Amino acid sequence: MSELSRFGVSVEDELLQSFDQLIAGQGYANRSEALRDLMRDALVKSKVEESAETGEVLGSLTLVYDHHANDLTEKMNNLQHDFHNFIVSVLHVHISHDDCMEVIVLRGQAPEVRTLADALLSLKGVKHGRLFVTLPTRKIVEHKHSHS
Ligand code: NI
C-alpha cells in the first residue's frame, strides 16, 4: 500500500451531516473510506471515458429477459459467439417460469465491449439490463500520462 496523506476539507454542516447519514446507512465505518471510494469511482469514470477509443476495460453486463420471446435466446447466443473473444464468463439464472437473468463478464477494448453490450441490451425481449464498466486494477490509481 502506498503512503497515506491527510488533507482538510471545508464543507457546510448540513452537507456533512447528510453525507455522514448516507455513508453510515451504507455501512462505512468512517468518512475516509467513503471518500476514498468516491475518489476512485470518479477516477475510474474519467478513465473509462478516456478509454472510449482505445484501452482495455472490464465489464459486467446484467440482462433480464423472457426466454420465450421469439428468437431472443438464439440471437443472444449468436451475438455471444460472434464476440466470444471478449466474454470471460456467463452466469445464467432461471428466475421464474418465464424469466432469466444473465450476467456476462466482458474483457476487451472499450469499443467492442460497448458494441456487444448495446447489441444485447437492445434486443427485443430484454426487459432490463445494464453494463457496469471498470478498469484493470493497476489503471485505477496510476498517474495520468497518455495526454500530458
Ligand atoms: Ni433461464
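Is Val9 buried or exposed? Select Val9 in this predicted model: its relative accessibility is 55%, over the 50% cut-off, so Val9 counts as exposed. Val9 sits in the segment before helix H1 (13-25).

**Stop 1: the nonpolar patch**

Colour the selection by element of secondary structure: H2 gives the most to the patch, with 3 residues.

**Stop 2**

Next, show the side chains of Glu33, Arg36, Asp37 and Arg40, which are linked in a network of salt bridges. Centre on Arg40. Its side chain meets that of Asp37 in a salt bridge at 2.8 Å, N to O, and that of Glu33 in another at 4.0 Å, N to O. Arg40 and Asp37 both belong to helix H2 (residues 31-50) and are 3 residues apart, about one turn of the helix.

How exposed are these side chains? Arg40 has a relative accessible area of 33% and is partly exposed. Glu33 is partly exposed at 28%, and Asp37 is partly exposed at 27%. Side chains of opposite charge can pair when their charged atoms come close.

**Stop 3: a salt bridge between strands**

The structure holds 7 salt bridges.

**Stop 4: the nickel ion**

Which atoms coordinate the nickel ion? The donors are NE2 of His92, ND1 of His94 and SG of Cys100, at 2.0 to 2.3 Å. Along the sequence, the donor residues follow the spacing H-x1-H-x5-C. Now colour the site by accessibility. Cys100 counts as buried, because its relative accessibility is 4%. His94 counts as exposed, because its relative accessibility is 65%.

**Stop 5: the two faces of H3**

Select helix H3 (72-82) and look down its axis. Which residues of H3 are buried? They are Leu72, Met76, Leu79 and Gln80. Seen in this view, the buried residues of H3 fall within an arc of 100°, so they line one face of the helix. Turn to the face away from the buried side to find the exposed residues Glu74, His81 and Asp82.

The buried residues of H3 pack against strand S1, strand S2 (87-94), strand S3 (99-109), helix H4 (110-121) and strand S4 (126-134).

**Stop 6: Asn70**

Finish at Asn70, in the loop between strand S1 (56-66) and helix H3 (72-82). Check the backbone angles here. Asn70 has a positive phi of about 25°, although it is not a glycine. Most residues other than glycine have a negative phi. Is the residue buried or exposed? Asn70 counts as exposed, because its relative accessibility is 74%.

Definitions and conventions:
Residues are numbered from 1 along each chain as its sequence is written. This is a predicted model: local features need pLDDT of at least 70, side-chain atom pairs count only at pLDDT 80 or more; totals for chains, interfaces and linings use all residues. Side-chain values use heavy atoms; hydrogens and water are left out. Helices (H or I, at least four residues) and strands (E, at least two) are DSSP runs, numbered from the N terminus. Buried means under 20% relative accessible area, exposed over 50%, partly exposed in between (1.4 Å probe, protein chains only). Donors are N, O and S atoms within 2.8 Å of the metal (3.2 Å for Na, K and Ca); water is not among the atoms, so sites may look incomplete. The arc is that of the directions from the helix axis to the C-beta atoms. Contact means heavy atoms within 4.5 Å.
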